Amino acid sequence: MCRSIKTLRPPVLPEEATEEEIRAAALQYVRKVSGFRAPAAHNREVFEHAVEAIAVATADLLGGLEVRGGARTPVPAATPATPGGA
């Protein structure tokens, strides 16, 4: 487990996870799995696509979790990055 990825669900996180927190966790995951801190130019598109796909999956997961003794909390949907890195 990548130690820099923190738990993003309540009650560990007192508030709902932000889009930035979700994307940061996705980025750390892709860095860990790929072994690259930053991709080479020829791998940048697939790297960013993986980060976005994992961010969306993470938001879906957090939005669907039901913590016993607590209500489900809506999580903001991750928005896909625009091509070209904007």
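Biologist: Which element supplies the largest share of the lining of the second largest pocket?

Modeller: This is a predicted model, in which local features need pLDDT of at least 70, side-chain atom pairs count only at pLDDT 80 or more, and totals for chains, interfaces and linings use all residues. Residues are numbered from 1 along each chain as its sequence is written, and side-chain values use heavy atoms, with hydrogens and water left out. A pocket is an open set of points on a 1 Å grid over the protein atoms alone, where a 1.4 Å probe fits, with protein on both sides within 12 Å along at least five of seven lines; lining residues have an atom within 4 Å of a point. The largest share of this lining, four residues, comes from H2.

Biologist: How many nonpolar residues does the lining of the second largest pocket have?

Modeller: The lining comprises 14 residues, with Ile5, Lys6, Leu8, Thr58 and Leu61 nearest the pocket centre. Ala, Val, Leu, Ile, Met, Phe, Trp, Tyr, Cys and Pro count as nonpolar, Asp, Glu, Lys and Arg as charged, and the others, Gly among them, as polar. By class, two lining residues are polar, two are charged and the nonpolar ones number 10.

Biologist: Is Ala25 buried or exposed?

Modeller: Ala25 is found in helix H1, a helix being a DSSP run (H or I, at least four residues) numbered from the N terminus. Not counting residues up to four places away in sequence, Ala25 touches Ile5 and Leu8, where contact means heavy atoms within 4.5 Å. Buried means under 20% relative accessible area, exposed over 50%, and partly exposed in between (1.4 Å probe, protein chains only). Because its relative accessible area is 14%, Ala25 is buried.

Biologist: Why does Val56 count as partly exposed?

Modeller: Val56 has its place in helix H2. Val56 counts as partly exposed because its relative accessibility is 33%.

How values were computed
Helices (H or I, at least four residues) and strands (E, at least two) are DSSP runs, numbered from the N terminus.
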